[in-house]
Structure formats: structure tokens, C-alpha cells
Amino acid sequence: MAVPFFDIQYNLDPATKKSLLGRWERILNHGGFVNGPEVRELEAALAEFLEVPHVVCCSNGSDALVLALRASGVGPGDEVLVPAFTFFASAGAVSRCGATPVFVDVDPATFLIDGADAAAKVTAKTKAVMAVHLYGLPVDVPALELLVNQAAGRKIAVVEDAAQAIGAAHPAGIVGAMGSAAGWSCFPTKNLGAPGDAGFASSASAEVAEHMRRLREHGGGRQYYHDEVGYNFRMDSLQAAGLLEFLPRLVEFNGIRNNSAAHYHALFSAAGLVGKFLQLPALTPGHVFHQYVIRATRRDELMTFLRARDIGCAVYYPLALHLQPCFANLGGQPGQLPHSEAATADVLALPIYPGVSYAGREELVAAVVAFYRGD
Ligand SMILES: Cc1ncc(COP(=O)(O)O)c(C=O)c1O
């Protein structure tokens, strides 16, 4: 049986498709294609769902991070602490603001930013730290903030990269409202995925949110008058309608993802591979599994073995950010961030989207067992 890594059809049953086409037809009729009424409705719906005071919808998650950074005061000459093991956009957004990413190692147990390493890298130029809630596991933002503020002797802004964490929870606060601002992605493969590119920014501060709203539309408070240079980061109404259609089932689908994670956990544990060949992600309360990422001995061979059997898997991420060619001018060298580099060598994401069947997970684990037995 083929076990795809991802298939969007899980979210497009006939009733959903029909309802979505109805929404799209209404947009064709009213003609407000960009930042239309659906976008405002979505901002309200997301703010209510996430329990964050302010949501600003925009073009995609990468642009949402640019909004969040700029509205947190980041600009040319500033440094921003960024984990080296994350999707490129976490650091790309910093460079796009004219600032410099300073790469920080991750905690090998969680893959989240190592607060002590972040504190050690604070300089007089540090303006912000990026808390990436990787794979859907939230960072303890207040604890991180305390460490970097103590090291700096002043306030450092925390910007949350919540691209992978919609629906996640942390006892220390509300994801997307713990830092000064947050960026979220609605890329189609995300837990709340649009039928195209989309994203949004959030903040607990009305002032920061208002700034992000202005930056989204070329930095102007009034049409054709510009206080600063912003962007065209508006959202299409067609995407907003898609997200309004999909939002009501997000909790159900996040629950299915977490049940799948628990199932993998039980199957791998019973197979006796854990500790010997594999390490599994902890089942932490509040984590919504955007990705289910194991650490595997002989990872690349295992990936080839699984793919040859039509079992999907993927590597998020194969090269740490301090070693990316585009950041060579920053002087990153192999060996500088050992936990990030080790992760790139052995992480393997397994299918966790809500369409993976029970039998599919059993088949996948049986194939992993066969690989390590040498079958
Ligand atoms: C951690 C992280 N940050 C930022 C982004 C950027 O989001 P988008 O692809 O919507 O621009 C992503 C999307 O893959 C991501 O996973």
C-alpha cells in the first residue's frame, strides 16, 4: 500500500468543495478580490480561535515574519538571534528587514532555540530573538525573554515564528501573543492550509498590529500618503474564503494528527527500535504535530528504502542556516552549532497529515523494522 507523505484531498470532501465554490462565487459577484470582506471576517475568526487580540492577514508566512520583525523595531544595523535549525524564512525575513541573523544552536531534545546559547550571543546590536515553534512544539517565550533580557540588561523583543504551530498551546501564555508579534503560515501543507499562498501576523499590542497593517499596504495610514516604505503584502479574498471554510475543522484535524503521533509512538516503542536506532519526539501536552520527526540511524538509507516502497518521508531540514551559501558572509563554519548540525544529519519526518490511515502507519513502522533487521 502506498503511504503518501501528504495529500490535500483529506480536506476537500465533496461537501467542503461545494461550500468553498459557493464562497468563491460570492467573491466573483462582489468583486472585492484583494483584502475584501472575507479577509476581515477571517481576521476576526482567527483572533477568536487563537485567543490573540489582533490578527493581520497577509500574503504568506514569510511576509508575516517581515511584518512582525519590522513592527517590533527591527531594521538595518540590528542583529536578531535566530535558531540555526528551522525553515529558511525564519532567517530570510531578518535579512529582508536589512538586519543580520545571528545563529543560535537548538536544544537536541526539542529542536527549539537554546536559551542559554541565545543569551551568550547577545551583543549591543541585538534587537530581537526569534522563537520558532518548530514542528508545532511551542517555545517557552517568557523564559527565553528573561534569559536574553538579563544578558542584554535591557528589553529584547521576542518575535514568534508560529508558522507551524496553529492550535498549539503553552502554559506560559498564548502562542502568537507571548512575544511582541508573531508570523503564521497558511501554505497548503500547513495544519490550516489555504488553497494557495497565505499567512497572517498577530500581536497582543494594538499599536504593533496597527503598524503591521500599515506596513502591509505600503506603509501608509491614508491611501496615497506614506509615512514609511512598506510592502504589498495583502491577502487575496479567495484565500481568505478558503481559510474560513477550513478553520472549523482545524481542531478535529489537529486531534487526528496528535492521535497519529501517539500511534507511531506506541508502534515504534513496541518494535524495540527506540534508543537503539531511533529517537522519537516526546508527546508533550500543547504540541500540535505539524510534523512528526524522528531521529534515525542511517537516515538517508532509510529514506531511500521507504521511498522505494512508496512510503513518503522527508527531511526538514538538511542544511543548518549558518552553513547556507547565502549567509557565507556571516562566517558560519561547520562545528559551530553542533546540535543543529547533528539534527540535519538524522531527522526524518514521517507522514502525519490527517489522511494517513491506521494501516498506513502500521505499514510504515513494519518497513522501518524490516530496514533495521536488514530484510
Ligand atoms: C518555520 C517556518 N517559518 C516560516 C515559514 C514561511 O511560510 P510561507 O511558506 O507561508 O511563506 C514556514 C513555511 O514553511 C515555516 O515552516
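Figure 1. Axes are lines fitted to C-alpha atoms, for helices over the stretch in contact, and angles run from 0 to 180 degrees between N-to-C directions. Helices (H or I, at least four residues) and strands (E, at least two) are DSSP runs, numbered from the N terminus. The model is predicted: local features need pLDDT of at least 70 and side-chain atom pairs pLDDT 80 or more, while totals for chains, interfaces and linings use all residues. Residue numbers start from 1 along each chain as its sequence is written.

In this view, helix α1 (residues 14–30) packs against helix α8 (residues 237–246) at about 145 degrees, and the two axes are 9 Å apart. On the α1 side, the contact (C-beta atoms, placed from the backbone, within 7 Å) involves Thr16, Ser19, Leu20, Arg23, Trp24 and Ile27. Their counterparts in α8 are Ser237, Leu238, Ala241, Gly242, Leu244 and Glu245. Sorted by class, the residues of the contact of α1 with α8 comprise 6 nonpolar, 4 polar and 2 charged (nonpolar: Ala, Val, Leu, Ile, Met, Phe, Trp, Tyr, Cys and Pro; charged: Asp, Glu, Lys and Arg; polar: the others, Gly among them).

**Figure 2. Packing of helices α3 and α7.** Helix α3 (residues 61–71) meets helix α7 (residues 206–216) at an angle of about 125 degrees, their axes being 9 Å apart. The passage of α3 over α7 is a right-handed crossing. From α3, the residues making the contact are Leu67, Ala68, Arg70 and Ala71; from α7, they are Val208, His211, Met212, Leu215 and Arg216. The contact of α3 with α7 consists of 6 nonpolar, 1 polar and 2 charged residues.

**Figure 3. The surroundings of the ligand.** The ligand is surrounded by 14 residues (C-beta atom, placed from the backbone, within 6 Å). Asn60, Gly61, Ser62, Ala163 and Ser185 are the closest of them. Helices α3 and α4 (89–96) each contribute at least two residues to this shell. The shell around the ligand is made up of 5 nonpolar, 8 polar and 1 charged residues.

Figure 4. An open sheet of mixed pairing is formed by 7 strands in the order β1-β7-β6-β5-β4-β2-β3 (two strands pair if DSSP finds at least two bridges between them). Strands β1 (54–58) and β3 (100–104) are at the edges and have a single partner strand each, so one side of each lacks a neighbour in the sheet. From one strand to the next, the twist averages 25 degrees. Within the sheet, strand β4 (residues 126–132) and strand β5 (residues 157–161) run parallel and are joined by 5 bridges. Opposite alanine 131 stands glutamate 160 of β5. Helix α2 (residues 37–50) packs on the sheet, where it touches β1 and β7 (199–203). The direction of α2 makes about 135 degrees with that of β1. Helix α4 lies across β2 (79–83), β3, β4 and β5, and runs at about 170 degrees to β2.

**Figure 5. The three-stranded sheet.** In this second view of strands, 3 strands in the order β8-β9-β10 form an open sheet with antiparallel pairing. The edges are held by β8 (278–279) and β10 (347–350), each with a single partner strand, so one side of each has no neighbour in the sheet. Strand β9 (residues 292–296) pairs with β10 in the antiparallel sense over 4 bridges. Valine 293 has alanine 349 of β10 as its bridge partner.

**Figure 6. Packing of helices α9 and α12.** Helix α9 (residues 250–271) packs with helix α12 (residues 358–373) at about 35 degrees, and their axes are 10 Å apart. Here α9 passes α12 in a right-handed crossing. Residues Ser260, His263, Tyr264, Leu267, Phe268 and Ala271 of α9 meet Tyr358, Arg361, Glu362, Val365 and Val369 of α12. By class, 7 nonpolar, 2 polar and 2 charged residues make up the contact of α9 with α12.

**Figure 7. Backbone details in two loops.** Tyrosine 316 and tyrosine 317 are joined by a cis peptide bond, with omega about 20 degrees. Tyrosine 317 belongs to the loop between α10 (299–308) and α11 (338–346). In the loop between β3 and α5 (115–120) lies phenylalanine 111. Although phenylalanine 111 is not a glycine, its phi is positive, at about 70 degrees.

Technical notes:
A crossing is left-handed if the near helix is turned anticlockwise from the far one by less than a right angle, and right-handed if clockwise. Two residues are in contact if their C-beta atoms, placed from the backbone, lie within 7 Å.
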